[in-house]
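Dear colleague,

Please find below the structure that I am handing over to you. My findings follow it.

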Amino acid sequence: MPNVVIIGAQWGDEGKGKVIDILAPKSDFVVRYQGGNNAGHTVVIGKDKFVLHLIPSGILHKGKICVIGNGVVVDPKALLEEIAMLEAKGVKVDGRLFISNEAHIIFPYHRKLDELKEKAKKKKKIGTTKKGIGPCYSDKVARSGIRLIDLLNDRVLKEKLKANLAEKNPIFTKIYGVSGYSFKTLYKEYKGYAARIKRYARDTTVLLNDAIASKKSILFEGAQGTLLDVDHGTYPFVTSSNATAGGAATGTGVGPSKIDKVIGIVKAYTTRVGEGPFPTQFDPDLLEKIRQKGGEFGATTGRPRRCGWFDALVVRHSVRVNGLDEIVITKLDVLDELKSIKICTGYRYKAKTYRDFPSDIEIIKNCEPVYVTMPGWMTDTGKVKSYSRLPVNAKKYLDYIQKLLGTKIVLVSVGCDRKQTFSNR
Ligand code: IMP
């Protein structure tokens with residue numbers, strides 16, 4: 001298989017975990033390149049349900065090598081808990097998981113800052129997962145972060161941790177009026193993590209490029225979604241990393257010329273968790289119905305997701321900024337009972353109709369969506385085994401989406417199980 005990037009084409013939670021799980025057997029390496037344990041990838045295998053936050057879901061496939069790249073921020077406590085969960089379920093992790101020496105490490109002060117900043121924003125909060133993601137990336141960009149390689153060097157860890165606490169403790173005490181962190185306590189806790197994580201640390205850029213040189217294939221597992229990308233998303237209601245395809249290169253040290261294909265995962269409707277504008281949100285009744293049918297609750301925080309009609313402006317934006325080659329449609333079955341289905345093809349704002357996703361958050365927040373309405377199929381698609389066997393109206397819905405996006409739908413998913421997926425080749 002070629003080297004493929006899998007990205008979420010909307011606001012995350014498109015079902016990337018399931019698609020990666022299907023493609024993983026064909027690749028040698030599965031690699032995370034951005035985000036941290038804010039992600040939640042759910043994979044259902046028979047009666048077993050795995051929710052992975054940090055470790056690539058390729059770990060569920062025997063013999064696959066999994067890499068956490070330099071672009072990821074790693075909370076060692078969460079990592080060790082995830083490893084323990086996997087091992088308790090009989091999944092071997094040792095010798096199959098490698099973490100970039102250059103990945104930045106999340107500390108308790110990042111989590112606390114995340115929480116305090118959100119609280120201080122009141123109604124303007126972003127609705128973060130409070131996992132410390134934003135503050136950890138802020139330190140990375142400010143060049144004061146602590147990387148895995150630093151965590152493993154006692155002298156460097158002491159020096160950097162002291163410098164960070166000297167800067168952060170006054171923020172806690174003077175700005176937020178809460179107590180700061182003790183160097184001694186944090187140092188002891190993180191020394192303990194260092195001892196347990198050391199075995200996973202590698203120069204993963206060398207590992208991956210050597211693998212490519214020897215014709216091994218890589219699956220790059222994006223987290224979150226395009227509209228949560230810090231550059232291309234609905235800023236400031238975004239996460240703090242590049243969830244788009246470009247992040248796969250910077251977040252692993254694999255050059256763009258080595259990436260062969262980018263596949264976008266697209267939910268048959270739209271969802272969003274956290275704050276921020278969402279033009280096509282359903283009315284409350286339909287929202288509740290689809291939320292229950294689609295199990296639309298955050299895999300990481302358990303928060304209910306907002307749900308809405310398919311927004312072609314959002315996904316066309318994704319096609320562009322990711323250079324999507326192909327599309328996978330997930331959760332088509334969730335729409336099975338609807339009499340009619342809408343697709344948003346424009347935003348109407350101040351007497352102008354926008355056909356391309358605007359960068360002005362004011363427009364996204366205050367626009368009137370322009371819809372095309374299509375008849376529903378009102379048939380259970382959960383047992384459908386091929387594209388040709390889909391109800392006629394479901395095919396028409398997908399064909400119209402394909403036309404609007406100018407990108408081929410190659411796979412359709414109609415349920416949680418691995419088997420409820422068929423191709424459109
Ligand atoms: P953060 O990544 O915790 O800083 O949160 C920033 C925004 O991204 C919030 O709106 C979160 O709800 C959203 N977010 C973060 N991770 C995910 C995810 O895996 N799926 C969907 N939304 C996410």
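**Domains and ligand site**

The protein chain is divided into domain 1 (104–197) and domain 2 (266–423), with bounds from an automatic or database domain assignment. This is a predicted model, in which local features need pLDDT of at least 70 and side-chain atom pairs count only at pLDDT 80 or more, while totals for chains, interfaces and linings use all residues. Residues are numbered from 1 along each chain as its sequence is written, and side-chain values use heavy atoms, with hydrogens and water left out.

The centres of the two domains, taken over C-alpha atoms, are 37 Å apart. In contact (heavy atoms within 4.5 Å) are 6 residues of domain 1 and 5 residues of domain 2. Between domain 1 and domain 2, 2 residue pairs are in polar contact, both at pLDDT 80 or more; such a contact is a pair of N or O atoms within 3.5 Å, and within protein one must be able to donate a hydrogen and the other to accept it, while residues adjacent in sequence count only if both atoms are side-chain atoms.

A side-chain N or O atom of threonine 129 is 2.6 Å from an oxygen atom of the ligand.

Yours sincerely
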